[in-house]
Amino acid sequence: MLRSFVALLVALAGVSGACAQSYPARPVKLIVPYGTGGPADIFGRFIAARLQEALGQPFVVEDRPGGGSIVGTEVVAKSAPDGYTLLMMSNTHTVNETLVPKKPFDLMRDFAPISGVSYSDLMMVVHPSVPASNVKEFIALAKSKPGVLNYASSGNGTPYHMAGELFKALAGVDIVHVPHKGSDQARASILGGQVQMMFDAVPTMAASARAGKVKALATSGSKRSPVTPETPTVAEAGVAGYESGIWLGLMAPAATPRPILEKLNAEVNKILNSADVKETWLKQGTITMGMSIGQFDQFLRDEIVKWGKVVKISGAKLD
């Protein structure tokens, strides 16, 4: 009996290995649960194009925004675990484990980690009509008008939302959160003056700041962004202890064969570790985040704990 069981395991391992060798045999769909033009969409399309070159099959990006990433993520959670539907995810997902306990999925139960992809600082910007040229002036303005000023985000639980809530908590201001369906809509609101403030990824907002369409007050990292070295960090500008950002990663439905996950991990890390990608992304204010499957798994678990604490400290709630 034991011999037969061992033989079965060996046979299954052989089938799984052969499956990975032939993978992908048809187009692969990469679901981005955010709006067009945001970091997840931009970097998702970059990774998809490089994987297509390396693996010889189309990697098709499909934007499915809504519900603070929940709409598109649920699609992947319910997909077949065969490597042909992947998820571009972010720290939104680790935030939502605490912020949105009643979801149609559980991140670490229903998904399998592949690798981290990228990290970017955020830029705190205000519309040109706002009478504040630095963080201290903005805080003073907000304190003089509690509940009047507002800030945009791409939805509940997103990095833009949590960056705003952390700012509110540490600066002691009352600013109204205005969630949008995607980062493109939130960006349109700040550019159009419908909202006064927004935290957005440096790579996607720096050009608008340089063009004078918004005023850049600060960046969110522990040190100044190489893209805008003249702009202080939020902590430098007077909000002690402030640090936030946006990172992206890849996951697949749970039960996706391990050899397929390892093949994707190896190819993604080849892309991220290439000198040209590292150099190009760094100039845009982005750091590559290549990791092993195990490292990314632990990173996700640590982020769930970290952002769970931020949600509780900030008092962030669904809007």
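Colleague: Let's start with Ala255, where does it lie?
Modeller: Ala255 lies in the loop between β10 (246-253) and α10 (258-273), where helices (H or I, at least four residues) and strands (E, at least two) are DSSP runs numbered from the N terminus. This is a predicted model, in which local features need pLDDT of at least 70 and side-chain atom pairs count only at pLDDT 80 or more, while totals for chains, interfaces and linings use all residues. Residues are numbered from 1 along each chain as its sequence is written, and side-chain values use heavy atoms, with hydrogens and water left out.

Colleague: And is Ala255 buried or exposed?
Modeller: Ala255 is exposed, with a relative accessible area of 66%; buried means under 20%, exposed over 50% and partly exposed in between, using a 1.4 Å probe and protein chains only. Its phi is near 80°, a positive value in a residue other than glycine. Most residues other than glycine have a negative phi, and most peptide bonds are trans.

Colleague: What is phi of Ser69, and where is its place?
Modeller: Phi of Ser69 is near 90°, again positive in a residue that is not glycine, and Ser69 sits in the loop between β2 (59-63) and α3. Ser69 counts as buried, because its relative accessibility is 2%.

Colleague: Which peptide bond is cis?
Modeller: The bond from Tyr23 to Pro24 is cis, with omega near -5°, and Pro24 is found in the loop between α1 (2-22) and β1 (28-32).

Colleague: Changing topic, how many residues of helix α4 are buried?
Modeller: Eight of the nine residues of α4 (residues 91-99) are buried, so this helix is largely enclosed by the rest of the structure. Those residues are Asn91, Thr92, His93, Thr94, Val95, Asn96, Glu97 and Leu99.

Colleague: What do the buried residues of α4 pack against?
Modeller: They pack against α3 (70-77), β3 (85-90), α5 (107-110), α7, β10 and α12, with contact meaning heavy atoms within 4.5 Å.

Colleague: Then how do α7 and α12 cross?
Modeller: The axes of α7 (residues 159-171) and α12 (residues 293-314) come within 9 Å and cross at roughly 50°; axes are lines fitted to C-alpha atoms, for helices over the stretch in contact, and angles run from 0 to 180 degrees between N-to-C directions. The two helices are therefore oblique to each other, since angles under 35 degrees count as roughly parallel, over 145 as roughly antiparallel, 65 to 115 as roughly perpendicular and the rest as oblique.

Colleague: Which residues make that contact?
Modeller: Met162, Glu165, Leu166 and Ala169 come from α7, and Trp307, Val310, Val311 and Ser314 come from α12.

Colleague: Which residues touch the most other members of the largest nonpolar core?
Modeller: Of its 54 residues, those are Val135, Phe138, Phe167, Ile175, Met197 and Phe199, a nonpolar core being a set of buried Ala, Val, Leu, Ile, Met, Phe, Trp, Tyr and Cys residues joined through side-chain atoms within 4.5 Å. The element that gives the most to this core is α12, with seven residues.

Colleague: And what does Val135 touch?
Modeller: Not counting residues up to four places away in sequence, Val135 touches Met124, Phe167, Leu217, Ala218, Ala237 and Val239.

Colleague: Last one, what is Ser183 in contact with?
Modeller: Ser183, in helix α8 (residues 183-192), is in contact with Gly35, Gly38, Ser154, Tyr160 and Met198, leaving aside neighbours within four places in sequence. At 3% relative accessibility, Ser183 counts as buried.
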